[in-house]
Amino acid sequence: MAQANYLIATAAALAFIPAMASAQHAPYEVLNGQVQMGDAVSTLNAEFQSTHGTVANNLSAGNTMSAKAVEQSMNVSNTQMLRGTVSAINTVTGQTARGVTQSTAVAHGNAAQVEGCCATVGIESTQTAQAGTKITAGSNIYVGSADNIVSGAQATANSFGSFTKNGYTQGKVTQTSAAKVEASSKVTACCNNGAISSNAIGA
């Protein structure tokens, strides 16, 4: 009788399943259960007088998980529940900004990623952002003389991604949100010599 293999992935866990020599093995079982009742807050401040390039990247997440299997079937059961504040705020302030000045802020409430290769992947995922949850992403750039400026902010209550190469994926993904989601991107510059890009996405 084939023996089942079990892997338990909990808060902010990464489950990696290596290749197996034989496709006759029972599928790996990835069981992930996460409950986040607190806050995940990240703040990034960058200040300068003169620079020849600035990159400020900020990521905050309530619950996150990832599972990957290569040449081995896998069943993924994922449950994520969030009630709290998830916030990622960037502020870049300077005088002379040569080159590219870039700021990116990303805030995810519940996030999951499943990947498979050369096998069958089964997925059952439920993500819930409860009432009272707030997801905020903010990117702010304040400079004087500048060349090129890129500012981006993305806030999501629930996000799920799956990718299978040379295989088959089947399953069900359920997402529920009563959260308040906000994304903002702001650029203030004087005497700009290049291009300005500012984007904000809330979902």
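Which residues does Ile 135 touch, not counting residues up to four places away in sequence? They are Leu 82, Val 86, Ala 107, Gly 109, Ala 155, Thr 156, Ala 157, Ala 179, Lys 180, Val 181 and Glu 182. The model described here is predicted. Its protein chain has 203 residues, with 0 helices and 12 strands.

**Overall make-up**

- From the N terminus on, the elements of the protein chain run β-β-β-β-β-β-β-β-β-β-β-β.
- Of the 203 residues, 39% count as buried.
- Taking contacts between residues at least 6 apart in sequence, 81% join residues at least 24 apart.
- The accessible surface of the chain comes to about 10000 Å², and carbon and sulfur atoms account for 51% of that surface.

**Nonpolar cores**

- In soluble globular proteins, nonpolar side chains tend to be buried together.
- The largest nonpolar core in this chain has 13 residues.
- Val 86, Ala 107, Ile 135, Ala 137 and Ala 179 have the most contacts inside this core.
- Strands S7 and S9 are the elements that give two or more residues to the core, and S9 gives the most, with 5 residues.
- A second, separate core has 10 residues, including Val 30, Ala 112, Val 114 and Val 121.
- Among the residues that Ile 135 touches, Val 86, Ala 107 and Ala 179 are also listed with Ile 135 for the most contacts inside the largest core.

- Most residues other than glycine have a negative phi.
- Cys 118 is a residue other than glycine with a positive phi, near 65°.
- Cys 118 lies in the loop between strand S7, residues 85-117, and strand S8, residues 120-129.
- The relative accessible area of Cys 118 is 37%, so this residue is partly exposed.
- Asn 166 is not a glycine either, and its phi is positive at about 55°.
- The loop that holds Asn 166 runs between strand S9, residues 134-165, and strand S10, residues 168-177.
- Asn 166 counts as exposed because its relative accessibility is 62%, and the cut-off for exposed is over 50%.

**A buried serine in a strand**

- Ser 42 is placed in strand S4, which covers residues 40-51.
- Is Ser 42 buried or exposed? Its relative accessible area is 17%, and buried means under 20%, so Ser 42 is buried.
- Leaving out residues up to four places away in sequence, Ser 42 touches Asn 58, Leu 59, Ser 60, Ser 87, Ala 88 and Ile 89.

Definitions and conventions. Residues numbered from 1 in each chain as written. Predicted model: local features only at pLDDT ≥ 70, side-chain atom pairs only at ≥ 80, totals over all residues. Heavy atoms only, no water. Helix = DSSP H or I, 4+ residues; strand = E, 2+ residues; numbered from the N terminus. Buried < 20%, exposed > 50% of the residue type's maximum accessible area, 1.4 Å probe, protein only. Contact = heavy atoms within 4.5 Å. Areas by Shrake-Rupley, 256 points an atom, 1.4 Å probe, with all protein chains shown as cover. Core = buried A, V, L, I, M, F, W, Y, C linked by side-chain atoms within 4.5 Å.
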